[in-house]
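Q: I'm new to reading protein models. Could you walk me through some features step by step?

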Amino acid sequence: MQIDSAVVLAAGEGRRLRPLTRFRPKPMLPAGTRPILERVFDALIDAGVDDLHVVVGYRRDRVRNHFGPTYRDRTITYHTQKTQLGSGHALFQAADAVDDDFLVVNGDEVATTNAVERVIETHSRESVATLAVVEGEDSREYAGVELDGGRRVTTLDETPEPGAYGLFNAGVYAFGPSVFSEIEATPQTNGERALSDTLVRLVERTGSVCGVRVDSPRAKATYPWDLLELAAVSLEGPTTDETGAGRETAVADSASVHEDATLRPPVAVANDAVVEAGAVVGPDVALGANTTVAAGSTLVGCVIDQDTRVGENTTLLDTVTGTGVEIAAGVTVPGGPGDVRIDTTVYEDRPLGAVVADRATVGGGATLAPGVLVGPEATVSPAATVRTNLEASTELRQ
Amino acid sequence: MCGIIGVVGHDDTLSVVLDGLSTLEYRGYDSAGVALTGDEVEVAKREGKLEVLQELLSGRASPPSGSVGVGHTRWSTHGPPTDANAHPHTDDTGRVAVVHNGIIENYQHLRDELCDDGVTFESDTDTEVVPKLVAAALDDGHGPAAAVRHAVERLEGSYAIVVTIAGEDRLFAAREDSPLVLGLGEEAYYLASDVPAFLEHTREVVYLDDGEFVTIGADGYRVTDTDSDPVEKSSTTVDWDAEQTGKGGYDHYMLKEIHEQPTALRQSLSGRTDPLAGRVMLEEVEGLTRPEHVQFVAAGTSYHAGLYGAELLRRAGVPASAYLSSEYATSPAPVSKATLVVGVTQSGETADTLSALRAARDRGGETLALTNVVGSTAARECAHALYIRAGPEIGVAATKTFSSQLVTLNLLVEHLTGQDAGTRGLIPALRGLPDDLQSVLDHEETTSVVDDYLGKESFFFVGRGLHHPVALEGALKFKEITYEHAEGFAAGELKHGTLALVTEETPVFAVVTGDDERARKTIGNVKEVQARGAPVVAVTDGVSEVERYADRVLRVPETHERMSPVLANVQLQLVAYHMADRLHRSIDKPRNLAKSVTVE
């Protein structure tokens, strides 16, 4: 059926992406050179959605300031979730603004136009909910799905055992307006209303949930290294094959790349970014707006966010920076894999060189060991070696 | 200074007129009115903000209707804001209704003449002579267009006028020294003081020139000159977005615009530097070379930007000064061919600044408009135009446009002085500015400062060198939206008089960055006020020892000395905003003020 409206859930902080989310919500982190949320809106608009709703919460000013009231001439209506009480509660904030069937997508996940189109085609007024499912992604992160042979979802399992399912929830939904009463009727868990609980309830009680297979794997930002993966996905040209043909080098008109600099595709260089002489950038590097890569530096597999400066003769591998970071000359990030400590959990052998969060400063000649996180506005003194995470606004002297 | 709109070609004329007025309310909000015309002219008008009129109309069983309509939102110049003085004004028989922005200087003479003919007046306004003159010309047998032309030919002064006449499905308009733009829609046409009034319907715009008459009907428009000869006008497409002028979830436009500053500065800077070569590239003013003298003419906040620009130029060895445009217009400074006169005006329509620029041009000076509005009168009248690219600003208190003015002035000064003015590091500092500003916004700490000093007697702002204009701007922003007494000074001037007013009840905001001689001398001035018991709020980058003498500190990131004023000013914007918010002031529409002052 025709669906004109979509609600994007963008209220969450993204705790596992700290320290990058200190000043902005997860959907405003970069997928390549642009915020994830822009790519979400793009997918929706390209699939024919004209009426955009976004539920904002944590650091909501950042979303509003970036987009304002419209995106690509489509009106954006903002709904505020003042306290983060689950995705169902978030969606509920938009209840008064949508009166026909509508789509729901996550703001921290790059949905594909194809997946959105397939859900729109499949959804009908007979279904309370339709969700996209994708094959074979054997992961504890996503709910396992069983279909009845056709399109009816018979099982939705939020905690799938490894190997138990061949299909998983792909995170693109269509709902009828009655979903709001279903959310209200769903018992709360720990004071929160999760949209997934409502879906499970619908599957179990009504059997009126449809599933449609899509072929695009999920590209979701949950951990810092996911941003490298999101960048790689967004940098790939649509016609990429194994020989690398179709890999793109996208340089904005207002960017300056010195004639003696080397860009190894895929690379994206955004507005007003600068690449100085002798720098070697790529493959898989996204340079955000107004960034600088100084002479003689080498960047491979990096996401360098807006306003960041990388000094002379610095080598960065598998590195994610926030905005306004100052990395001085001769800094080395040898790259992943590394053990990444997030809160109290250590994730071993992750493909991450380092994270340097917003407005942190890394002094000349410093080295960041694989997998370290440097907090926002932290300072690494010159020639220091960072072996463990550095908290926000602290200084490491050595 | 008022906002006017005229519409033909819509079925829902009233709502189009009211929506248009709501976007023009920044131009005045003493009273509002509409007139819709079918076989008769129906007028509704009320003292007060637009919402008062909207309530009146929504309570009516049959609100005014018709295929053409005009609307007006008023900022009083002649006569107090009352129902009678609100526009539209009509003739005795109610056939003709007029909305007007500007001042008719010979209205008393015309009024006396009409009174002698037995015409009676209902209002104190200058405008009311216009419908009476049009009616008299109609009575003399002229057609509608000719009658309007007859009336307008009698007027002296400044005006943008739109006239509606009973039974006519066209609107008649004229412009002289007041802004009026024509919007071209699909089988619908618009006239307005400013583009946002019809942006929802079209982005195709024709800028009208002084002395021109225009007639719009559902089938088209016709522009003629003073001799009644047709004028070919070209249209332009504006790239502003209708929705960009919404509040976007913020409580006030001012707060939204404060938070938009990183984006505004990125736009101001985009493509205008070549960081690889370390140079500024300003294609818009390529023809301009190093002048012998530079004079800035400006009013209000823009004047403070002018002071900053003049100081930058003097540091680069170019004699430069800033003048208040209202003074300059009547007492111009000496000008030669080698003098560049820069008019700084956000709207490009500030009447005093336009007069000052005309005075400079008439004396042979080279003129440059530094403005936010493409196609504005200043941009068209000056030999050169340089745009600050801040995007639309709706809050009456200028915020992001001031920041964009300062940044664009840096670019201009580099361009004029052959790039040798900027010390090393200017380009990286400019490129780092949007993020530095974001950092100030991310660490907002002004609310607690405001709470400490709520209810104090007076507020003083001091700074030296490039921070002197910041002190003046900080005080202006503070007083215009809080209605509390505030004054800004050059730090060293304090002891020459104002120190007598300094007590425990007068917080002093001191802007001190870096640790050069200027900073150390300002710290000396801070000690003077501290010794008198005044609470001190230091706005500082933490380089100097000023914090030792301060009760409260507002931090800005350390940067190039030319960028520090931009950041310090943002802290003072936030102080003003939060103080006004605590006092429940009408932040976006302070009493007695209007955004762009298009009357002298």
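A: Let's start with a pair: the axes of helix 12 (residues 400-416) of chain B and helix 17 (residues 564-582) of chain B come within 10 Å, crossing at roughly 170°. Axes are lines fitted to C-alpha atoms, for helices over the stretch in contact, with angles from 0 to 180 degrees between N-to-C directions. Helices (H or I, at least four residues) and strands (E, at least two) are DSSP runs numbered from the N terminus. This is a predicted model, where local features need pLDDT of at least 70, side-chain atom pairs count only at pLDDT 80 or more, and totals for chains, interfaces and linings use all residues. Residues are numbered from 1 along each chain as its sequence is written, chains are lettered from A and ligands numbered from 1 in the order in which they are written, and side-chain values use heavy atoms, leaving out hydrogens and water.

Q: How is helix 12 of chain B oriented relative to helix 17 of chain B?
A: Angles under 35 degrees count as roughly parallel, over 145 as roughly antiparallel, 65 to 115 as roughly perpendicular and the rest as oblique. The crossing angle therefore makes helix 12 of chain B roughly antiparallel to helix 17 of chain B. Contact means heavy atoms within 4.5 Å; here Phe402(B), Ser403(B) and Leu406(B) of helix 12 of chain B touch Val566(B), Asn569(B), Val570(B) and Gln573(B) of helix 17 of chain B.

Q: At what angle do helix 14 and helix 17 of chain B cross?
A: Helix 14 (residues 446-453) of chain B and helix 17 of chain B cross at roughly 55°, with axes that come within 9 Å. They are therefore oblique to each other.

Q: Which residues of helix 14 of chain B meet helix 17 of chain B?
A: On the helix 14 side of chain B you'll find Thr446(B), Thr447(B), Val450(B), Asp451(B) and Tyr453(B), and they meet residues of helix 17 of chain B including Leu574(B) and His578(B).

Q: What about empty space?
A: Rolling a probe the size of a water molecule over the atoms shows where empty space is left. On a 1 Å grid over the protein atoms alone, a cavity is a set of points where a 1.4 Å probe fits but cannot get out, and a pocket is an open set with protein on both sides within 12 Å along at least five of seven lines; lining residues have an atom within 4 Å of a point. Grid points are joined across faces, edges and corners, and a volume is the space filled by probe spheres set on the points. This structure holds six cavities of 30 Å³ or more. The second largest cavity has a volume of about 100 Å³. Its lining takes its largest share, three residues, from strand 11 of chain A.

Q: What is the volume of the second largest pocket?
A: About 1,400 Å³. Its lining has 36 residues, and Arg16(A), Lys26(A), Gly86(A), Ser87(A) and Lys220(A) lie nearest its centre. Helix 6 of chain A gives the most to this lining, with three residues.

Q: What should I look for in the backbone?
A: Most residues other than glycine have a negative phi, and most peptide bonds are trans. Here the bond from Arg18(A) to Pro19(A) is cis, with omega near 5°, and Pro19(A) sits in the loop between strand 1 and strand 2 (30-31) of chain A. The bond from Gly336(A) to Pro337(A) is cis too, with omega near 0°. Asp318(A), which is not glycine, has a positive phi near 50°.
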